[in-house]
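Welcome! Let's walk through this structure together with a few questions and answers.

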Amino acid sequence: PATYEQAVARHEIKVTLEELCRTAAHVLKEGGSFYLCHLPARSAEVEEVLKETGFALKTVRYVSSRPGRDPFLFLASGVKNGKCEPITIPPLTVFDSVGDYTVAMKTIYEKLKLAPQDGNGKEN
């Protein structure tokens with residue numbers, strides 16, 4: 001079961017998407033970058049709210065748990081008052097067909113200097 005803190009972070013209990021984007025626009029300097037993760041089903045809404053709050057959508061990437069599965073996460077970045085065209089980055093798959101981390105995920109962990117974790121949040 002999710003904790004209250006996880007629920008707040010995941011379900012817009014204390015702040016809406018629009019409030020979050022407006023606040024980011026307020027605190028970032030011209031050309032500043034804003035990154036967020038959201039549900040794929042809300043990707044069009046994310047794009048619309050970013051535009052309404054003064055961000056140009058810069059990158060879009062979908063994340064799937066395994067090959068052939070629907071994405072469970074939508075990653076987006078925006079630039080405050082930017083003039084860029086959005087770039088769609090190829091989808092990221094977390095696990096390969098046998099359940100090991102993909103090369104792309106291992107590379108991300110290495111760049112961030114993090115140890116890969118199992119499904120329960122424990123380091124491998």
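Q: In strand 3, which residue is the bridge partner of A56?
A: This is a predicted model, where local features need pLDDT of at least 70, side-chain atom pairs count only at pLDDT 80 or more, and totals for chains, interfaces and linings use all residues. Residues are numbered from 1 along each chain as its sequence is written, and side-chain values use heavy atoms, leaving out hydrogens and water. Strand 2 (residues 55-64) and strand 3 (residues 73-80) are antiparallel over eight bridges; strands are DSSP runs of E with at least two residues, numbered from the N terminus, and two of them pair if DSSP finds at least two bridges between them. In strand 3, A56 has as its bridge partner V79.

Q: Which residue of strand 4 stands opposite V60?
A: Strand 4 covers residues 87-88 and pairs with strand 2 in the parallel sense over two bridges. There, V60 faces T88.

Q: Which residue in strand 5 is the bridge partner of V63?
A: Strand 5 (residues 92-93) runs parallel to strand 2, joined by two bridges. The partner of V63 in strand 5 is L92.

Q: How many of the 10 residues of strand 2 are buried?
A: Buried means under 20% relative accessible area, with a 1.4 Å probe and protein chains only. By that cut-off strand 2 is mostly covered, and its buried residues number seven.

How values were computed. Buried means under 20% relative accessible area, exposed over 50%, partly exposed in between (1.4 Å probe, protein chains only). Helices (H or I, at least four residues) and strands (E, at least two) are DSSP runs, numbered from the N terminus.
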